[in-house]
Amino acid sequence: MNSMVMQNDIISNWEPRHAELFGVELVKLNHRLIETGLFSREALGRVIERCPAEHLGIRARGTEIDDPKTMEGELGTATGLEAIQAIEKGRMWMNIRRVMDWAPEYKKLLDEVFGEFEARMPGFSTFKRNLGVLISSPNANVFYHADIQGQSLWQIEGSKSVYIYPRSEIFIKPRNIEKILLRETGEDMPYEKWFDDYATVVDLKPGEMVTWPLYAPHRVHNHDCLNISVTMEHWTKEIWNSYAVHYGNGVLRRTVGFKNGSTTARGLHVYPKAAAAFAWKKFGKQIDGDVVKKRDFRIDASSSLGRTSIR
C-alpha cells in the first residue's frame with residue numbers, strides 16, 4: 001500500500017499509478033464515505049427535509065420498462081425517510097443537488113476529498129467543486145449521456161452497473177458535445193445497442209467509486225435494490241479550456257459557418273474561442289436551463305408505486 005494512504009483517508013487503496021491515470025483513464029477505487037455517518041438513510045432523510053426546493057429534483061418514468069415518458073415530482077408532506085421508502089418502491093430518481101452550498105458538513109467533506117486528491121497529484125488543482133446525492137429505485141436506468149466537467153460516482157447503498165464507452169467520435173461526436181454545452185439538448189445522446197460491445201462495465205458496490213475521462217459517454221443500470229450514490233464534480237484549468245474550445249467551436253459554427261475546429265485544450269486558439277463563448281453568453285444567446293413548470297406527482301410512501309398523481 002502506498003505510504004501516503006493513512007488509516008483515516010477517505011480513499012483507502014490509492015497507489016502511485018492512480019496519479020497518472022486519474023482523469024485520463026477509468027479509475028476504480030475504494031472509499032470510506034460510509035464511515036462518516038453522513039450518508040445513512042437517517043442522515044439523508046434529514047438532508048432531504050433541509051434541502052431548498054430548487055435543489056431537490058424528483059423524477060419518475062412510467063410503469064412499463066420501455067415507457068419513455070418522464071414525469072416531474074414534488075416531495076409534498078412526506079418526510080425524508082418516507083421519500084426514501086417511496087423511491088424503493090417505484091421507478092423514481094431523487095437528485096439532491098449542490099448539497100455543499102447549504103449543508104456545511106458536506107462542504108467540509110468535499111474539501112477533504114479534493115484535499116486528498118490534490119495532495120497525491122502534484123499540479124492537480126480544482127475549482128467549482130460540487131457534491132450531490134442520488135437516490136434511485138431498483139432496476140432504474142440512467143440513459144446514455146456525457147458530462148461537461150470532471151465526474152466521479154461513489155456508491156453508498158445498493159449496487160449498479162456503470163457502462164463506460166470509448167471517448168472517440170464514433171461514440172460522441174464533437175457536435176454533440178457542442179449541443180450539450182450550448183444547452184441545445186440535454187446530456188443524453190444518440191445510442192445504439194451495439195455500443196455495448198465496446199463498453200467497459202464496472203459493477204459498483206458500497207464503498208467503491210469510479211471516475212472516467214472527460215466527455216466519456218456512459219450509462220447506468222441499477223441492480224434490483226435501492227441505490228444511494230454520491231456524485232462529485234470538479235473543474236480544472238484543462239477542463240475549463242476544453243469547455244471553452246468546444247463551446248467556442250459551437251458559437252463559430254452557428255455564426256460564421258466555421259467547421260472542423262480543433263478541440264485540443266491547449267494552444268493559442270483557446271483564447272479567441274473562450275472570447276466567443278463569453279460574448280455568446282453576454283449577449284443572451286445561451287438557452288436557459290430546464291425550468292420545471294408542472295409537477296405530475298408527489299411522493300406517497302403509502303402508495304404501491306410510491307407516488308400519487310397531481311390532478
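User: What do buried, exposed and partly exposed stand for here?

Analyst: A residue is buried when its relative accessible area is under 20%, exposed when it is over 50%, and partly exposed in between, with a 1.4 Å probe and protein chains only. This is a predicted model, in which local features need pLDDT of at least 70, side-chain atom pairs count only at pLDDT 80 or more, and totals for chains, interfaces and linings use all residues. Residues are numbered from 1 along each chain as its sequence is written, and side-chain values use heavy atoms, with hydrogens and water left out.

User: Why is C225 called partly exposed?

Analyst: C225 has 24% relative accessibility, which lies between the limits of 20% and 50%, so the residue counts as partly exposed.

User: What makes C51 buried?

Analyst: The relative accessible area of C51 is 10%, and because this is under 20%, C51 is buried.

User: How many disulfides are there?

Analyst: A disulfide is a pair of cysteine sulfur atoms within 2.5 Å, and by this rule the count is zero.

User: What makes β1 and β14 edge strands?

Analyst: Strands are DSSP runs of E with at least two residues, numbered from the N terminus, and two of them pair if DSSP finds at least two bridges between them. The open sheet holds 10 strands with mixed pairing, in the order β1-β10-β7-β12-β5-β4-β2-β3-β13-β14. Within it, β1 (27–30) and β14 (307–309) each pair on one side only.

User: How do you know that β1 and β10 pair?

Analyst: β1 and β10 (residues 208–211) share four bridges in the antiparallel sense, and at least two are required, so they pair. V27 stands opposite T211 in β10.
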